[in-house]
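User: I have a protein model open and would like to work through it step by step. Can we start with the terms and then look at the parts?

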Amino acid sequence: MLIDLTLCVGCNACQGACKEENRLPPGEEKYLSLTAYTALDKYNDLYVRRMCQHCDVPTCVSVCPVGALSKTEAGPVAYDAEKCIGCRYCLQACPFHVPKYEWSSTKPRIQKCKFCASRLARGLQPACAEACPTGATQFGDREELLVEAARRINAEPAKFVHRIYGKDDVGGTSMFYLSPVPFEQLGFDSRMGKTPMPMLTMSALSKVPNVLSVGGVLLGGVWWITNRRAKVQAFEASQKKDPTRPPEDKP
């Protein structure tokens, strides 16, 4: 989805449609929560919508030990509550701090935007995009939306920051933003880089075998020295008690 912040008027139709589609309690919410899969907040004169970014290479999927989270070919990062064991690794791993956990539930689940996967399967667009009256949220093919975003920036270079947020961030996401002001002023993290975070993890883990091997040798050496010292001290103590002890009994 392409979200053009210059077109958003703060009507909150997107959140209302999302809540209705997902059978969530009605009401306007500024922050993502168990009852708000998308949220609308205001920064000065701009309205900013938040939801799961549905990353191209999702960190949440990479850390889930049971496959409760998965990236579908259509784009959504799907969640299977039946597989979830409540480890909450996804909460810690998400660079956008999106997933929310049902702490007070006796059978807790993870809650986040589903990208209306069931609607996409029926050939429909997400409920929020369908409900947007100004075209601030536009749904379509990823590459086509990127072309459209670039076209808007080139057509009105003084109107937009020359950046499409989500195009390359953490390897790319399914949600793109256009803004008239620097994204940092709107609460976006622009320091995460272009490399997918799972790739950074793999790079670090690739060094672990060597570290463990060297560490094992060092620890073995420390153990030998400590053990040898203990034997020498024990022998010296026994010699004081029994000077007639034969030399072959030395450690």
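Analyst: Start with one term. A residue is buried under 20% relative accessible area, exposed over 50%, and partly exposed in between. Keep in mind that this is a predicted model.

User: Is Q53 buried or exposed?

Analyst: Q53 sits in the loop between β3 and α2 (59–63). The cut-off for buried is under 20% relative accessible area. Q53 has 5% relative accessibility, so Q53 counts as buried.

User: Which residues is Q53 in contact with, leaving aside its neighbours within four places in sequence?

Analyst: Q53 belongs to the loop between β3 and α2. Leave aside the neighbours within four places in sequence. The contacts of Q53 are then F96, T173, S174, M175 and Y177.

User: Where is Y89, and is it buried, partly exposed or exposed?

Analyst: Y89 is in helix α3 (residues 89–93). The relative accessible area of Y89 is 45%, so Y89 is partly exposed.

User: How many Å apart in space are Y89 and V61, C-alpha to C-alpha?

Analyst: In sequence, Y89 and V61 are 28 residues apart. Y89 touches V63 and P65, not counting residues up to four places away in sequence. From C-alpha to C-alpha, Y89 and V61 are apart by 9.6 Å.

User: Let us step back to the whole protein. How many helices and strands are there?

Analyst: The protein has 251 residues, and buried residues make up 36% of them. It exposes about 14,700 Å², with carbon and sulfur atoms supplying 56% of that area. Its helices number eight and its strands nine.

User: What share of the contacts with a separation of 6 or more comes from residues 24 or more positions apart?

Analyst: Take the contacts in the protein with a separation of 6 or more. Pick out those between residues 24 or more positions apart. Their share is 52%.

User: Which residues have the most contacts inside the largest nonpolar core?

Analyst: This core has 29 residues. Apart from it lies another core of nine residues, including L2 and F160. Inside the largest core, the residues with the most contacts are F96, Y165, Y177 and F188.

User: Which residues does F188 touch, not counting those up to four places away in sequence?

Analyst: F188 has a relative accessible area of 9%, so it is buried. Not counting residues up to four places away in sequence, F188 touches V48, R50, Y165, Y177 and F183.

User: How many aromatic pairs does the structure hold, and what kind is the pair of Y165 and F183?

Analyst: The structure holds seven aromatic pairs. The rings of Y165 and F183 are 5.3 Å apart, centre to centre, with 40° between the planes. Y165 lies in the loop between α6 and β9, and F183 in the loop between β9 and α7 (197–205). The kind of this pair is tilted.

User: Why do Y165 and F183 count as buried?

Analyst: The cut-off is under 20% relative accessible area. F183 counts as buried because its relative accessibility is 2%. Y165 is buried because its relative accessible area is 1%.

User: What kind of aromatic pair do Y165 and F188 form?

Analyst: Their ring centres are 4.8 Å apart. The planes make 65°, and over 60 degrees counts as edge-to-face. Y165, Y177, F183 and F188 form one aromatic cluster. The pair of Y165 and F188 is edge-to-face.

User: In what order do the strands of the open sheet run, and which are the edge strands?

Analyst: The sheet has three strands and mixed pairing. Their order is β8-β1-β9. Each edge strand pairs on one side only; the two are β8 (137–138) and β9 (176–178).

User: Which helix packs on this sheet?

Analyst: β1 (residues 2–4) pairs with β9 in the parallel sense over three bridges. There, D4 stands opposite L178 in β9. The helix touches β1, β8 and β9, and its direction makes about 10° with that of β9. It is α6 (residues 142–155).

User: Do β2 and β3 run parallel or antiparallel?

Analyst: The two strands form a hairpin with two residues between them. Five bridges join β2 (residues 39–43) to β3. Y43 stands opposite L46 in β3. The strands run antiparallel.

Key:
Residues numbered from 1 in each chain as written. Predicted model: local features only at pLDDT ≥ 70, side-chain atom pairs only at ≥ 80, totals over all residues. Heavy atoms only, no water. Core = buried A, V, L, I, M, F, W, Y, C linked by side-chain atoms within 4.5 Å. Buried < 20%, exposed > 50% of the residue type's maximum accessible area, 1.4 Å probe, protein only. Contact = heavy atoms within 4.5 Å. Helix = DSSP H or I, 4+ residues; strand = E, 2+ residues; numbered from the N terminus. Areas by Shrake-Rupley, 256 points an atom, 1.4 Å probe, with all protein chains shown as cover. Pairing = 2+ DSSP bridges. Axes fitted to C-alpha atoms, helices over the stretch in contact; angles between N-to-C directions. Phe/Tyr/Trp six-rings, centres within 6.5 Å; stacked < 30°, edge-to-face > 60°.
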